[in-house]
Amino acid sequence: MFIVLALYNNDKLVLKENITEFKYQKEDFLELKNKYGIHKIDLKSKIYEKNDDFVIFRIDFVNNLCIIILDSDKRFEFSLQTKWDYQDNIWKLSYNLEDENKQIIIELKE
């Protein structure tokens, strides 16, 4: 079992990688790590979070919120347009950040 992680910016593929080391609990959470940090997806609450050494970047797909927490304990929160789509072990997480359309596609391969 492995994960294919793909990141898009304005429909242009920015990153695509296969990840073999990850934690997954069906209908609960998915966690993986790459050179950009630790990525956690709360499958129940529909929250994506990327945590690196200095910044926590969180997208709440239910409440359409972006939350950024800096190492200095500064917290920024703002509304944004989001879309969560799940089908057949493929999660498509989309959000608009200013004038950029971002998409994270995570596919669980067995």
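N64 lies in the loop between β7 (55–60) and β8 (65–70), where strands (E, at least two residues) and helices (H or I, at least four) are DSSP runs numbered from the N terminus. The model examined here is predicted, so local features need pLDDT of at least 70 and side-chain atom pairs count only at pLDDT 80 or more, whereas totals for chains, interfaces and linings use all residues. Residues are numbered from 1 along each chain as its sequence is written, and side-chain values use heavy atoms, with hydrogens and water left out.

Most residues other than glycine have a negative phi. N64, although not a glycine, has a positive phi of about 55°. The residue is partly exposed because its relative accessible area is 29%; buried means under 20% relative accessible area, exposed over 50%, and partly exposed in between, with a 1.4 Å probe and protein chains only. A positive phi is also found at D11, another residue other than glycine, where the value is near 65°. D11 sits in the loop between β1 (2–9) and β2, and with a relative accessible area of 66% it counts as exposed. Between the C-alpha atoms of D11 and E21, which are 10 residues apart along the chain, the separation is 27 Å.

Stepping back to the whole chain, the protein has 12 strands and zero helices. Along the sequence this reads as the pattern β-β-β-β-β-β-β-β-β-β-β-β. The radius of gyration is 14 Å, close to the 13 Å that the globule rule gives for 110 residues, so the protein is as compact as a globular protein of that length. Here the radius is taken over C-alpha atoms, and the rule is 2.2 Å times the number of residues to the power 0.38. Taken along the principal axes, the C-alpha atoms fill a box of roughly 40 × 25 × 25 Å.

Of the 110 residues, 35% count as buried. The protein exposes about 7300 Å², with carbon and sulfur atoms supplying 44% of that area; accessible areas come from the Shrake-Rupley method with a 1.4 Å probe, and for residues only the protein chains shown count as cover. Among contacts (heavy atoms within 4.5 Å) with a separation of 6 or more, 25% are accounted for by residues 24 or more positions apart.

Side-chain detail comes into view around N34, a residue of strand β4 (residues 29–34). N34 counts as buried because its relative accessibility is 11%. Its side chain takes part in several polar contacts, each a pair of N or O atoms within 3.5 Å; within protein, one atom must be able to donate a hydrogen and the other to accept it, and residues adjacent in sequence count only if both atoms are side-chain atoms. Leaving aside neighbours within four places in sequence, N34 is in contact with L5, L15, E17 and H39.

E17 belongs to strand β2 (residues 12–19) and is partly exposed, with a relative accessible area of 23%. Beyond neighbours within four places in sequence, E17 is in contact with I3, V4, L5 and N34. The C-alpha atoms of E17 and C66, 49 residues apart along the chain, are separated by 25 Å.

Towards the end of the chain, E98 is placed in the loop between β11 (90–97) and β12. At 78% relative accessibility, E98 is exposed, and its C-alpha atom is separated by 16 Å from that of F61, 37 residues away along the chain. Strand β12 (residues 100–109) contains K102, whose side chain makes a polar contact of 3.1 Å with the side chain of E100. With neighbours within four places in sequence left aside, K102 is in contact with Y8, N9, L93, S94 and Y95.
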